Amino acid sequence: RVKALVKADPDVTLASQEAVFVLARATELFVETIAKDAYVYAQQGKRKTLQRKDLDNAIEAIDEFAFLE
């Protein structure tokens, strides 16, 4: 799936398997990090399920995610 997304970008002409793997792994780590931070806000609301507002709160509160605003 990641390779298909990379190929869909007109600016990318060639991508090695290693580059695709690194991109996939970086994406996994990013999603894991933002999910963990959002889960803190879900716990504050006494919930176990993440909601959109939890992700929004994490994005607003953590400087590392400022590019998502």
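The model is predicted, so local features are given only at pLDDT of at least 70 and side-chain atom pairs only at pLDDT 80 or more, while totals for chains, interfaces and linings use all residues. Residues are numbered from 1 along each chain as its sequence is written, and side-chain values use heavy atoms, with hydrogens and water left out.

Confidence was considered before the details. The mean pLDDT of the protein is 93; pLDDT is the predictor's confidence in each residue, from 0 to 100. A value of 70 or more is reached by 100% of the residues. Helix H1 (residues 2-8) has the lowest confidence, at a mean of 90. Helix H2 has the highest, at 95. Helices are DSSP runs (H or I, at least four residues), numbered from the N terminus.

Two packed helices are described by the angle between their axes and the distance between the axes. H2 spans residues 17-44 and H3 spans residues 52-61. They pack at an angle of about 110 degrees, with axes 8 Å apart. H2 is therefore roughly perpendicular to H3, a term for angles of 65 to 115 degrees. The axes are lines fitted to C-alpha atoms over the stretch in contact, and angles run from 0 to 180 degrees between N-to-C directions.

From H2, the residues Ile 34, Asp 37, Ala 38, Tyr 41 and Ala 42 take part. They meet Asp 54, Leu 55, Asn 57, Ala 58, Ile 59 and Ala 61 of H3. Contact means heavy atoms within 4.5 Å. By class, this contact has eight nonpolar, one polar and two charged residues. Ala, Val, Leu, Ile, Met, Phe, Trp, Tyr, Cys and Pro count as nonpolar; Asp, Glu, Lys and Arg count as charged; the others, Gly among them, count as polar.

Asp 54 belongs to H3. This residue is buried, at a relative accessible area of 1%. Buried means under 20%, exposed over 50%, and partly exposed in between (1.4 Å probe, protein chains only). The side chain of Asp 54 makes a polar contact with that of Arg 47, at 2.8 Å. A polar contact is a pair of N or O atoms within 3.5 Å; within protein, one must be able to donate a hydrogen and the other to accept it, and residues adjacent in sequence count only if both atoms are side-chain atoms.

Arg 47 sits in the loop between H2 and H3. Beyond its neighbours within four places in sequence, Arg 47 touches Tyr 39, Tyr 41, Ala 42, Lys 53 and Asp 54. Lys 46 lies in the loop between H2 and H3. Lys 46 is exposed, at 77% relative accessible area. Its phi is near 60 degrees, a positive value in a residue other than glycine. Most residues other than glycine have a negative phi.

Ser 16 lies in the loop between H1 and H2. Ser 16 is partly exposed, at 36%. A polar atom of its side chain lies 3.1 Å from the backbone nitrogen of Ala 19.

Notes
Helices (H or I, at least four residues) and strands (E, at least two) are DSSP runs, numbered from the N terminus. Angles under 35 degrees count as roughly parallel, over 145 as roughly antiparallel, 65 to 115 as roughly perpendicular and the rest as oblique.
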